[in-house]
Amino acid sequence: MQRLALRTRLRPGCEETYDAEHARIPADLEAAMREHGVHSWRIYRDGLDLFHVVEVDDYAALQEALRDHPADIAWQRRMNRLLDGDFDKSSGGLALVWEM
């Protein structure tokens, strides 16, 4: 199992909207993530910085499995409007901060 810390950043002024929209991820996305090896995924916000702490069987395999999943596509579309710069899955996963 991999333990990773990943990072994204909010667009200034989007903090309240992010907190409201990200309070609960859609059930179909959560099920897909668990089906593809996610044991836990927590996000901590410090101002505009978002730190994702993930326990997953294989992060690269997860990214590949979710690449064309309708629930993930819809979720990324919703979240991209709140991020400082769009997250483009074709460039790989989120920015890795550390791996244990």
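Q: Before we start, how are helices and strands defined here?
A: They're DSSP runs, numbered from the N terminus: helices are H or I with at least four residues, strands are E with at least two. On that basis the chain has four helices and four strands.

Q: OK, and what kind of model is it?
A: It's a predicted model, where local features need pLDDT of at least 70 and side-chain atom pairs count only at pLDDT 80 or more, while totals for chains, interfaces and linings use all residues. Residues are numbered from 1 along each chain as its sequence is written, and side-chain values use heavy atoms, with hydrogens and water left out.

Q: What pattern does the chain follow along the sequence?
A: β-α-α-β-β-α-α-β.

Q: Which strands pair with strand 3?
A: Strand 1 pairs with strand 3 in the antiparallel sense over eight bridges, and strand 2 also pairs with strand 3 in the antiparallel sense over eight bridges. Pairing here takes at least two DSSP bridges between the strands. Arg-3 has Glu-55 as its bridge partner in strand 3, and for Arg-45 the partner in strand 3 is Leu-50.

Q: What does Gly-47 do in the hairpin?
A: The hairpin of strand 2 and strand 3 has two residues between the strands, and Gly-47 takes a positive phi near 65 degrees there.

Q: Switching topic: Gly-37, buried or exposed?
A: Gly-37 counts as buried because its relative accessibility is 6%; the scale is buried under 20% relative accessible area, exposed over 50%, partly exposed in between, with a 1.4 Å probe and protein chains only. Gly-37 sits in the loop between helix 2 and strand 2.

Q: What does Gly-37 touch?
A: Beyond neighbours within four places in sequence, Gly-37 is in contact (heavy atoms within 4.5 Å) with Glu-55, Val-56 and Asp-57.

Q: Who are Leu-10's contacts?
A: Leaving aside neighbours within four places in sequence, they include Tyr-18, Arg-45, Gly-47 and Leu-82.

Q: How much of the chain is buried overall?
A: 37% of the 100 residues count as buried.
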